[in-house]
Each structure stands twice: as structure tokens, then as C-alpha cells.
Amino acid sequence: MTVINSTGVTKQYQTTVALDRVDLVVEEGETFGFLGPNGAGKSTFINMLLDFVTPTEGSVSIFGHDCQREGVEARSRIGVLPEGYSVFERLTGRQHIEYAIRSKEAEADPIRILDRVGIRDDADRLASEYSKGMAQRLVLGMALVGEPDLLILDEPSTGLDPNGAARMREILREENDRGATIFFSSHILEQVEAVCDRVGILQDGELVAVDTIQGLRNSLGGGTKLVITVDEFTDGILAALRAMDGVETVITTDEDTIEVTCVDDVKMDILVELRDVGVDVLNFRTDEASLEDMFIEYTNASNR
Ligand SMILES: Nc1ncnc2c1ncn2[C@@H]1O[C@H](COP(=O)(O)OP(=O)(O)OP(=O)(O)O)[C@@H](O)[C@H]1O
């Protein structure tokens, strides 16, 4: 069953095209990661699903209900963690969860939910006194109320410490295991790589890639990463590597390390090229391209 369906969605703000003819289908049971640089249009798309933003052209639906014309039906089975949600000043954590239970007409134990997101001991403190990460955990708890069929999470890891981020990953897996579809935006690519079945990459409002992580790797020609330690290098040498056929990205991670993503069969040519220009290769190893390498490749042509 199709859960999210976006057809030709465009959003124009005065002179800014925030979304440009976005077509995207997310199926039931998927964990889908929505990626893109700052300003790419991720929140605009999520806000359109929630009907905070209206498309200039095209349409989006959730469970077959148009998000604008049938917003109540579209949102009836979802849990949301919106960007920049502010908590109610005078309510405790527990009261926030109780509020979510009432408004969703759900049955749930507030303390169990607070325990699940790791703030049980702070249940009776005012949420306005919570730290940023605690507030984020609380809003996630509110999203989980009522076992929603779809979770829409805008940057769920914002403000979370490493334990919180790990807990978030576990919760996403548990929710997915019970059958929920998950759609979330994130800049934490290790997290996305750990939990997502598929990812979509937005760049300047356009969806430039939608695939599994392995699928993205394959479409980048195998996506091998060569990590080379050298005695020294110059900008001219990096430019020479970038000009080679089969080389996708060349970046430097410190003063003696060059990382090259490339198709598998040019690895040796790169080492030969370095030797020909007089560079001493001290060490090298090959890695699989990470999601971060591919993200840079899809969104940052200037790094090439
Ligand atoms: N209300 C608005 N009025 C005018 N322009 C807007 C408005 N909201 C968003 N934009 C513009 O639309 C583009 C997409 O913004 P959006 O917030 O969707 O990006 P994002 O991918 O969520 O970014 P980030 O990763 O920084 O959160 C940006 O150029 C932004 O300036």
C-alpha cells in the first residue's frame, strides 16, 4: 500500500523555488530517510504533508487522502515530530503526553512512553525547564502516542546526546517492526544509513536521487572509496585526480590523506597517476563509499 504519494509538487515563495516538481512514493513498512543540504526543501515538503504549507502546483497524499483537501483524514493515523516544536510553558512532561493521548483519543500509559524516550524521572517537571534534548525526547514521545501507522519526523536527532541518538535509532526500529512506516529528515547520515531502507536526496528543491543505499552506490559506478596516505600533495595534484575518468570525488581529510571515490577499476590508475606526478604513496586502503560520501557527490559538485 502506498503511504506517501507526491506528484509534481512545486512550492514557490516569491523568487525562491523551495520544491521543484517532486515525485515521490513511499510504501507501507518502509523507513525512508529524506536528505539534503540546508535550504534544500526538506521541511517545506514535510510541512506540506502536515498542511502547514500549500503546494503551488501538484499534490501530496497520505494513505490516499490529499493532504490539503482531506487533511483530517490524511493526518488521522500519523505521529509527528515537527521542526522547532515549542513545548507548553505550564505543562509537565507527563501532562504533554496526556494531552497527546486525549487529542488522539488513544489509550496509553504516559509513564511507559516517558520511560521509553528516557525521561521518566523528569515526568513531573515543567517541560519549559527541560533541556533541548529532553524536550526533543518529549516531542518524540508525543509522536509515538496511539501507535501511529506513519511517523513523520523532521530532524528527530536535533539536540540529542549520543545515548539519545542511539535510543532514537532503537525506537525507529521498534516502530518499524510493529508495522509503522517512517519518514524522517536528517543530517546525521550514520543514523540514516543504520536504519533506512531507502533514501531520497533533495538538492535545491529537486529530488536528485531516490534509492536504497546499495542502489545509490551501484549508480555511482560501484562507489569505491580509496583512502590514500601520501608524503605531501598540492592543489594541482588534486585537480589532476579529479580530471581522471571514473573519478567521482576527491577530498582531503588532513594534510597527508586523500580520499577518492571512484569506479572500482580505476583504483590502480589513481595510484599510478600519483606516482607519475612524483607523490610518494605511504599507505592506501579501500572502503565502501559511505552515505556521507554519496551525499557529497550528489549535492556538492564544487567538491569535485
Ligand atoms: N516561509 C517562507 N518564505 C520564504 N522562503 C521560504 C519560506 N520557508 C522556506 N523558504 C525557503 O525555501 C527553501 C527551502 O527551505 P526548507 O526550510 O524547506 O529547507 P530544509 O531542507 O528543511 O533546510 P534545513 O536543512 O536547513 O532545515 C529555502 O531557500 C528557504 O529560504
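**Notes on the model**

1. Helix 3 (residues 93-103) packs with helix 5 (residues 132-144) at an angle of about 25°, and their axes lie 9 Å apart. Axes are lines fitted to C-alpha atoms over the stretch in contact, with angles from 0 to 180 degrees between N-to-C directions. Helices are DSSP runs (H or I, at least four residues), as strands are (E, at least two), numbered from the N terminus. Helix 3 is therefore roughly parallel to helix 5, a term for angles under 35 degrees.

2. The contact involves Gly-93, His-96, Ile-97 and Ala-100 of helix 3, and Leu-138, Gly-141 and Met-142 of helix 5. Two residues are in contact if their C-beta atoms, placed from the backbone, lie within 7 Å.

3. The model is predicted: local features need pLDDT of at least 70 and side-chain atom pairs pLDDT 80 or more, while totals for chains, interfaces and linings use all residues. Residues are numbered from 1 along each chain as its sequence is written.

4. The residues around the ligand include Tyr-13, Asn-38, Lys-42 and Thr-44; a residue counts as near if its C-beta atom, placed from the backbone, lies within 6 Å. Strand 2 (16-27) and helix 1 (42-49) each supply at least two residues of this shell, and helix 1 gives the most, with three.

5. Asn-218 is located in helix 8 (residues 213-219). Its C-alpha atom is separated by 9.4 Å from that of Val-263, 45 residues apart along the chain.

Key:
Angles under 35 degrees count as roughly parallel, over 145 as roughly antiparallel, 65 to 115 as roughly perpendicular and the rest as oblique.
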